[in-house]
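Hello,

Here is the structure I said I would pass on. My notes on what turned up follow below it.

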Amino acid sequence: MTLGTSYPTRTFLTNPPDPTGRLETTDPGPVTITDSNDTVYGPYETRFLAYEPDYNEYRDAPRTVIEHSLLYNQFDEANVSVGSQQLVGSERISLVLLDGNVSETSGRATSVSLESLDEPRTKELEAGSVLTLPTERKAIWESELEDTDGVTVRETTADDEVEIELERAYTLEIARVGVGEGAGSSDDFDIGNEKRTSTEPSNGSRLDLTWREATVAGNRQAISGSEATVTGGPSETVSLTAGVEGYESLRGGQVNFALSDPNNVIDETTFGPATTSFEDGNATVSMTIDSEASSEEEAKVFASSGDGTAVGTISVTAPDINFDATNTVSTGSGNSGIEFELENTGDEPVTLTGIAIDSVEPANPTRVNDNTGGREILFTSDGEVVGEVDTGNFDTIGIRVDGSTNTLDRTSPFEPGQTVTGRIGPFRPADLYAITDMSGQTVNMTIEYETASGTTGQQQITLEIDAPSIDSVEITASGTGNDRYDITAAVSDPNGDLSRVEFELLDTTATVVDSSVDDRIGDGTAEASLKATGKDIDSGYTIRQTVFDTAGNSKTVTRTVSSG
């Protein structure tokens with residue numbers, strides 16, 4: 001770019017000094033995009049390029065500005081566009097954000113280089129979406145867009161911004177480019193999706209790709225548009241079909257499929273084909289969701305042909321699998337075994353496939369072995385075996401307490417809401433014939449399972465042997481001139497040997513300001529009244545309740561309450 005010019009050589013007359021010109025970037029201004037659901041993207045910074053000549057004799061030369069693709073001249077009393085705006089097209093809005101600093105004054109040609117800072121992005125905007133753009137001349141945008149179908153320039157009080165409301169759906173294509181010095185990529189530039197196009201467009205023609213159909217585990221999910229989301233569970237097969245709008249019988253055009261899967265949602269060995277051709281207007285890609293994918297994880301599938309792109313999101317909805325262990329007691333000779341109830345509180349039938357005993361504290365036995373030849377681990381429901389482990393060993397190690405998995409035999413489905421009884425033992429130290437008293441112990445174990453759809457997983461379970469529990473707590477605030485709390489707690493114990501419940505009222509510094517003990521809890525109910533008076537009154541409190549059994553086992557729960 002030549003920033004100035006030069007006068008011709010004169011023989012008898014003297015030229016004035018050669019004129020110069022100044023090219024510079026303006027101060028940054030914010031760009032925001034608000035979609036039809038009132039979700040706001042941005043603000044993203046952008047700048048304009050401005051050129052201002054400095055002539056010696058021509059006093060009214062305009063300042064020329066490139067602003068959101070619009071080139072115009074600024075005079076003192078008017079703005080004159082040099083070319084038509086390229087921001088709003090018939091179907092697309094093309095917005096380039098400029099970053100970096102240029103400040104060059106010269107009378108010679110100056111090179112200005114542009115570089116891409118981030119991958120271009122695309123987003124579908126529905127009617128009612130609004131683009132808010134910075135501007136130095138709001139009036140010229142009102143004039144430029146006055147006769148443009150599909151958009152309206154909204155009236156605002158700000159002179160340095162223009163609000164463009166969409167009257168129909170558009171595809172926003174937005175990119176960041178750098179100029180001069182100081183430009184860089186931005187982690188906040190995350191609107192929509194990366195724009196990906198085929199490197200081998202079919203016959204050079206534009207193909208507007210849209211999704212037409214999705215099938216998940218053999219069931220159809222209705223989808224449409226260039227952006228769509230389908231949901232599926234672990235191990236389920238997903239097929240996505242794309243087509244070209246207006247070409248329902250297209251054959252032979254090439255379609256490229258690409259996968260963006262940072263969370264490994266898709267079993268990549270099943271994704272494909274990566275490139276295919278249209279048959280009867282459709283092109284389909286299939287894949288399988290990984291068996292260990294978790295709920296709310298996502299992968300994106302991109303279909304591109306020519307310069308058309310469709311983006312499909314695969315969203316995982318994993319089954320709710322959960323087990324709840326209760327009523328854990330010590331059993332057997334010398335209390336060397338344990339028994340507990342395990343409920344399937346999830347929403348899927350499962351099969352218990354394995355169990356690992358990770359640790360036992362504080363006794364730290366090393367193994368489980370029934371030297372009479374019985375089963376070391378047994379799960380039953382209504383007298384029927386749901387799963388078992390029988391090492392068949394009389395005088396050897398048996399099951400190790402080291403986190404290693406033991407496969408369950410004779411397994412059967414474990415239905416939602418069903419409760420099974422689990423029995424494990426006898427627990428032993430290193431001595432082959434000694435036993436470990438499991439009263440008051442804590443057992444950490446891992447249960448492995450498989451769903452009917454083939455999803456596998458595991459859940460860690462902690463068993464507190466013979467430990468009492470606080471099942472529910474009700475707190476009522478009362479009192480005038482002080483803070484009083486009436487507390488009722490429902491408590492239980494698997495052995496039925498409840499001892500007492502201790503109640504404490506702690507202030508915000510964790511200082512106990514009042515306490516009470518209820519040792520008449522044979523009916524499973526404990527009550528107390530706690531209060532703070534005078535200097536002990538605080539903005540809030542913690543109520544701590546601890547239940548004990550006669551063996552000294554305990555369980556503590558806390559509740560936070562506000563003052564008054």
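R92 counts as buried, at 18% relative accessibility. The cut-off for buried is under 20%. Please keep in mind that this is a predicted model. R92 meets E91 in a salt bridge, 3.4 Å from N to O. E91 is partly exposed, at 42% relative accessibility.

Other salt bridges

The structure holds 14 salt bridges. One of them joins the side chains of R154 and E165, at 3.6 Å from N to O. That pair links distant parts of the chain: R154 sits in strand β13 and E165 in strand β14, eleven residues apart. R154 is partly exposed, at 32% relative accessibility. E165 is partly exposed too, with a relative accessible area of 27%.

R220 forms a salt bridge with E213. Their closest N and O atoms are 3.2 Å apart. R220 counts as exposed, at 51% relative accessibility. E213 is partly exposed, at 31%. There is also a network: salt bridges that share partners join E91, R92 and E173.

D518 is in strand β42, residues 512-518. The residue is buried, yet D518 has no salt bridge.

What lies close to the side chain of D518 instead? The backbone nitrogen of R520 is 3.0 Å from one of its polar atoms. The backbone nitrogen of E527 is 2.9 Å from a polar atom of the D518 side chain. Leaving aside neighbours within four places in sequence, D518 is in contact with R500, V501, F503, T525, A526 and E527.

The sheet with β43

Three strands form an open sheet in the order β39-β40-β43, with antiparallel pairing. β39 (469-478) and β43 (525-532) stand at the edges. Each has a single partner strand, so one side of each is left without a neighbour in the sheet. The twist averages 20 degrees from one strand to the next. β40 covers residues 483-492 and is joined to β43 by eight bridges. Within that pairing, A489 stands opposite A526.

A hairpin

Strands β37 (residues 442-451) and β38 (residues 456-464) run antiparallel, joined by nine bridges. E448 stands opposite Q458 in β38. The two strands form a hairpin with four residues between them. In the turn, G454 has a positive phi of about 100 degrees.

Are the residues of strand β12 (residues 130-134) buried or exposed? Five of its five residues are buried. V130, T132 and P134 point one way, while L131 and L133 point the other. In a regular strand, side chains alternate between the two faces of the sheet.

β12 has antiparallel pairings with two strands listed here. Strand β2 (residues 29-34) is joined to β12 by three bridges. T34 has V130 as its bridge partner. Strand β14 (residues 161-166) pairs with β12 over five bridges. There, P134 stands opposite E161.

Two loop residues

T156 lies in the loop between β13 (151-154) and β14. T156 counts as partly exposed, at 24% relative accessibility. Its side chain makes a polar contact with the side chain of K138, at 2.6 Å. Beyond neighbours within four places in sequence, T156 is in contact with K138, E161 and E163.

D190 lies in the loop between β15 (170-179) and β16 (193-194). D190 is partly exposed, with a relative accessible area of 48%. Not counting residues up to four places away in sequence, D190 touches Y44 and R121. D190 and T122 are 68 residues apart in sequence but 10.0 Å apart in space, C-alpha to C-alpha.

The chain as a whole

The secondary structure comes to one helix and 45 strands. Of the 564 residues, 42% count as buried. Among contacts with a separation of 6 or more, 66% are between residues 24 or more positions apart.

Best wishes

Key: Residues are numbered from 1 along each chain as its sequence is written. This is a predicted model: local features need pLDDT of at least 70, side-chain atom pairs count only at pLDDT 80 or more; totals for chains, interfaces and linings use all residues. Side-chain values use heavy atoms; hydrogens and water are left out. Buried means under 20% relative accessible area, exposed over 50%, partly exposed in between (1.4 Å probe, protein chains only). Lys and Arg count as positive and Asp and Glu as negative; His and the chain ends are not counted. A salt bridge is a side-chain nitrogen of Lys or Arg within 4 Å of a carboxyl oxygen of Asp or Glu. A polar contact is a pair of N or O atoms within 3.5 Å; within protein, one must be able to donate a hydrogen and the other to accept it, and residues adjacent in sequence count only if both atoms are side-chain atoms. Contact means heavy atoms within 4.5 Å. Two strands pair if DSSP finds at least two bridges between them. Axes are lines fitted to C-alpha atoms, for helices over the stretch in contact, and angles run from 0 to 180 degrees between N-to-C directions.
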